[in-house]
Amino acid sequence: MLDCGLDISQLTHFLPLVTIPGTVLTKVSDHFGVGGEKRKLSEKLGTELKECMGRTFIDGAFEFSVPEFGLVDMSQIDAIIVSNFTTIMALPYLTQFTNFRGKIFATEPTLQIGRMYMEEMLKYVERNPKLKGASFWKEDEFASLLPSSLKEAKEPRGWRKLYTKHDIDACLSKVQTVGYNEKLDVFGALQISAVSSGCAIGSCNWIIQSTFEKICYLSGTSTLTTHPKSMEQAPLKNSDVLILTCLTQTPLAQPDPMIGEFCQNSVLTLKHGGSVLVPCYPSGVTYDLFECLSMHLESCGLSNVPLYFVSPVADSSLAYSNIYAEWLSKAKMSKVYLPECPFPHAELVNSGRLKHFKDINELGSDFRMPCVLFTGHPSLRMGDVVHFMENWSQNPANAIIFTEPDFPYLEALAPYQPVMMRVYYCPIDTSLNFLQANILIRDLKPLHLVVAEQYITPPPLAPQRTDLVIEWEPSPLTYKKYEVLNLPVKRQWETVHLDPELAAGLEPVEVRPGAAICMLTASLAARDNKFILKRLPENQQSDPGKQGEGDATANNSKTYAFGSPNISQFVEILTQQGISSIKVEETESGSIIHLPNDDTLIQVDSSSTHIICDDEAIRVRLKDTLLKCLKQL
């Protein structure tokens, strides 16, 4: 199984979890969509759905779109490989609530940062829980009463409440950590290895291979130079199948210009006396924003402006980023040996320019404005960002800058409208764009390419941009939801090892320089998908009824013919036997020998020889003569 991500986009359908009772709750009202005969149903629906500024939201405990594990018997899954900390988020649902019993592989940073993401989200939900669930609106009888936004919700009946801390700990205890380029055996059938994908700390692409076949899985890959270790391309070349996923969510926006706009908009807001709110995750591009913004503020003479990082996992996030030196880029790794901290935010913390807190209750008297405040959650539905949206959104001097592309920013802002603060959308996604992906594919030269169906058509926001597609010859294999795709990989060969005792008794015969062969009879032992030829037991070697005609120990006198017949020698022997009028014709595939007096035709090609003759005695004589013209073992 390739990755186990959690879809959290449906959070925008819910009302925010308010940290301190405030304006959001005062603006909502019960949803009554219709009157008349359906009024009773509508009133029942109104207990779960609330209206705010013309939009309808779910007022209930948060639910998340879990992978459809029921489509597959999870007990048949032998292994799961995880590419990065964003594709591990649904793993507790799999390990704790299905019959999966296989192995799970991930890098150490993916495991620990993934734990941070899970725990941060869990603390946000548990800090201000909504005990009441919302399930009536999912029933068929209410379908005609729902607003269009909820009608378009993706399979809401499959949504599940968030897992617990116990589920997280029990799940992640089952993960086996791996290092880059470490080769791991999967039940003897396959070998897997992780190589850096360059997208995030510890993120990786996977190579799945047998002795003769190779499949590469690319997920969340970046060829840009940022803080993670650069992408490794060489091990991914010349695969039988290349599976390419998780391209950029913002094909029309490049990361470098977006970071520049982020810094400029921040400075513009600060110079007008306003504060900047940055909804963010506790890791990833947030580290780059700390670095770029601090340098830009210093160059603009705003080095005295404080930076705040508020998250339940702020401490561990900043700590982990500085101890994973071997997973970072060469420039940052080299700082460790000076010794210096690889990230500038360590110096910012030491100098007091960057202050980090677990929640808003810790801010205290040290909190001063104007400032730049990084906090979660990017959906604006939970976390400390909800409190700051309620308190800052009506001040036009302030600004909110969206940098995470996971949520449409207008959807995120909907419960807070009307918003007076400035709104900037600077999505930063360092994953491969289509141009980079097409160049990479040409360099990797796979035999077959597998991509999602939407990658071969222009994005809906730019249907005229035919350059925003994956191009490959032959045409890529595509997949879509609920579709089964058979990969064009068929195992034709298997490696078999010789037992040393058996090998010691063999007497190879050289058939040409550098090549020797011999015949043998042995027993084939198969265990854990590994095969070994072993010497036959003594009782079978002495039993004539169980001897194979190729038994090297019991039938050494038998000879074996091999190779292609020598045509000149064959014609010469036939002439000596009194057969005349022999005609030889050379063809593209071999030779045709015609014996007109005996009404016989002999066809010889690279892989077979056919004797076409009505007289059985002549056919047998020709067969024996042909065997004399073959090499003998």
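Modeller: Strand E13 (residues 241-245) and strand E20 (residues 448-452) run parallel and are joined by four bridges. Within this pair, leucine 244 faces valine 451 of E20. The model is predicted, so local features need pLDDT of at least 70 and side-chain atom pairs count only at pLDDT 80 or more, while totals for chains, interfaces and linings use all residues. Residues are numbered from 1 along each chain as its sequence is written, and side-chain values use heavy atoms, leaving out hydrogens and water. Strands (E, at least two residues) and helices (H or I, at least four) are DSSP runs numbered from the N terminus; two strands pair if DSSP finds at least two bridges between them.

E13 and E20 belong to an open sheet of seven strands, ordered E9-E10-E11-E12-E13-E20-E21, whose pairing is mixed. Strand E9 (184-186) and strand E21 (477-479) form its edges, each pairing on one side only. On average, neighbouring strands of the sheet are turned by 25° against each other, direction ignored. Helix H14 (residues 434-444) packs on this sheet, where it touches strand E12 (214-219), E13 and E20, and its direction makes about 165° with that of E13. Contact here means heavy atoms within 4.5 Å. Axes are lines fitted to C-alpha atoms, for helices over the stretch in contact, and angles run from 0 to 180 degrees between N-to-C directions.

Elsewhere, strands E30 (residues 600-605) and E31 (residues 609-612) run antiparallel, with four bridges between them. A hairpin of three residues connects E30 to E31, and isoleucine 602 has isoleucine 611 of E31 as its bridge partner.

Helix H4 (residues 108-127) has 20 residues, which at 1.5 Å a residue should span 28 Å; its end C-alpha atoms are 28 Å apart, in agreement. The expected span is 1.5 Å times one less than the number of residues. Of the 20 residues of H4, 15 are buried, that is, under 20% relative accessible area with a 1.4 Å probe and protein chains only. H4 packs against helix H6 (residues 165-172) at about 170°, with their axes 10 Å apart. The two helices are therefore roughly antiparallel, a term used for angles over 145 degrees. H4 contributes Leu111, Arg115, Met118, Glu119 and Leu122 to this contact, and H6 contributes Lys165, Ile168, Asp169 and Leu172.

Terms used: Buried means under 20% relative accessible area, exposed over 50%, partly exposed in between (1.4 Å probe, protein chains only). Angles under 35 degrees count as roughly parallel, over 145 as roughly antiparallel, 65 to 115 as roughly perpendicular and the rest as oblique.
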